[in-house]
Amino acid sequence: GTSGRQIFQPLHTLRNAEKELLPGFHQFEWQPALKNVSSSWDVGIIDGLSGWTTFVEDVPADTISRRFRYDVALVSALKDLEEDIMEGLRERGLDDSVCTSGFTVVVKESCDGMGDVSEKHGNGPAVPEKAVRFSFTVMSISIRVEGEDDGITIFQEPKPNSELSCRPLCLMFVDESDHETLTAILGPVVAERKAMMESRLIVSVGGLLRSFRFFFRGTGYDEKMVREMEGLEASGSTYVCTLCDSTRAEASQNMVLHSITRSHDENLERYEIWRKNPFSETPDELRDRVKGVSAKPFMETLPTLDALHCDIGNATEFYKIFQDEIGEVYQRSNPSREERRRWRSTLDKQLRNKLKLKPVMRMNGNYARRLMTLEAVEVVCELVPSEERREALKKLMELYVQMKPVWRSTCPSRDCPDQLCRYSYNSQQFADLLSTTFKYRYDGKITNYLHKTLAHVPEIIERDGSIGAWASEGNESGNKLFRRFRKMNARQSKTFELEDVLKHHWL
């Protein structure tokens, strides 16, 4: 290890070895050439606003953003995996001189807003400074050989959620809720991605030119971002789900039986209906027809369940149940604010004394993981007067603990096959418990993540093979790096710092 020595040099002292690792070093071409994308390959960091030849007033001039051109970054990522690819071919007993075409690369895309990234410099006015990062991970590479129907996988990312496999493509200082600016900056990225889907990449790997095609799966988005990209109403909407058309009331009545119906193309169609109102309906009828799609879907995502926020959402929910059970809300109507506060501090005190869990302002991943354990429920039960209610709480948590590894694990069929098999049954039990014993909380309402946890997990796993692997964790860990690089390794100037962070992060 290095002993606190700065390993990264400032940008202008980039050594040649590093130049090879950054996008823009390796030659490649597309067949057919990409539409509306320059064919030059030696392109490094570009301004995130390049590609916008629009009027000055269309784009906020003070938006700072830096990115790589998408295809250039993908080539660099592939060249990084060159040895793994060659190794994979050898392991499968394939003659690499024959395998020059038929490669398929599956790419996971993630995009996440980072709340407050302002420099922590002590006093002065608080400047809200927000950033958004868009990144991608090469998930797998396979090849189709003559005479075979199925592709043979020659590379699979072993750690799909590590910040090491998650490559930054675009960094911007934007508030993720500023839809206009966000879409303006990601516009060119979307265009490049669309162009690449209709073309093949020709690049030298292991000394021979080979051709690759790309599939992009935008699964690394939290619900807020998915709703924004896909033109859906915000997460407080009656349309509770980004995967199905259920309303909140329906979802709380029927907790388990839903199937995935939403898709990018359907959202686009619905937006057109919303815009044109062909049947001259009232706003309410129209909204019901389009199921809450009221903006133009901007980027195709593959809606899934975001494992991290799922943990957090469900833990928040359990925390509230614990609070209500301490106050025996099931046998009384609306308690006062004071009473609720009292139960809450009782709960916090108990969790702090017995589990060393400090109360947190906003639920975070670590707190959620500690709270959602049988141990925590035992501790809470000490405060619950009725034996019957204690049993119900324990049962609830037992079921949850059974369900959780299924959407957490990178490969559930390998890591927890039994829980995977029992998932639907467990979620049914869980739902029954909520709709009877805990009816006071689920009468006509249910949280978005709880609905997804109960209704959609088996289907997503059937579709993708995993939820954990496709989640946005890698991007979330990358956020930490962003903060660190920004502090340690970037020049202190708005115009340069994103370049430096982007470069360091790539390396």
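The following legends describe close-up views of a predicted model.

**Figure 1**
Tyrosine 70 and phenylalanine 134 form one of the 12 aromatic pairs that the structure holds. Their ring centres lie 6.4 Å apart and their planes meet at 85°, so the pair is edge-to-face. Tyrosine 70 belongs to helix α2 (residues 70–80), whereas phenylalanine 134 belongs to strand β5 (residues 131–143); the pair therefore ties together parts that are 64 residues apart in sequence. Both tyrosine 70 and phenylalanine 134 are buried.

**Figure 1. Ring pairs link six named residues into a cluster**.
Tyr70 and Phe134 are members of this cluster. Ring pairs also bring Trp30, Phe136, Phe214 and Phe216 into the cluster.

Phenylalanine 318 and phenylalanine 322 are both buried.

**Figure 2. Arginine charges sit over aromatic rings**.
The charged end of arginine 217 is placed over the ring of tryptophan 470, at 4.2 Å from the ring centre. In a second example, arginine 389 has its charged end over the ring of phenylalanine 438, at 5.3 Å from the centre of that ring.

Most peptide bonds are trans. Proline 32 is located in the loop between β1 (28–31) and β2 (45–47).

**Figure 3. Lysine 291 has a positive phi**.
Most residues other than glycine have a negative phi. Lysine 291 is not a glycine, yet its phi is positive, at about 50°. Its place in the chain is the loop between α8 (283–290) and α9.

**Figure 4. Lysine 356 has a positive phi and is exposed**.
The phi of lysine 356, a residue other than glycine, is positive and near 55°. Lysine 356 lies in the loop between α10 (337–355) and α11 (365–371). The relative accessible area of lysine 356 is 64%, so this residue is exposed.

Conventions. Residues are numbered from 1 along each chain as its sequence is written. This is a predicted model: local features need pLDDT of at least 70, side-chain atom pairs count only at pLDDT 80 or more; totals for chains, interfaces and linings use all residues. Side-chain values use heavy atoms; hydrogens and water are left out. Rings of Phe, Tyr and Trp (its six-membered ring) pair if their centres lie within 6.5 Å; planes under 30 degrees apart count as stacked, over 60 as edge-to-face and the rest as tilted. Helices (H or I, at least four residues) and strands (E, at least two) are DSSP runs, numbered from the N terminus. Buried means under 20% relative accessible area, exposed over 50%, partly exposed in between (1.4 Å probe, protein chains only). A charge sits over a ring if NZ of Lys or CZ of Arg is within 6 Å of the ring centre and within 35 degrees of the ring normal.
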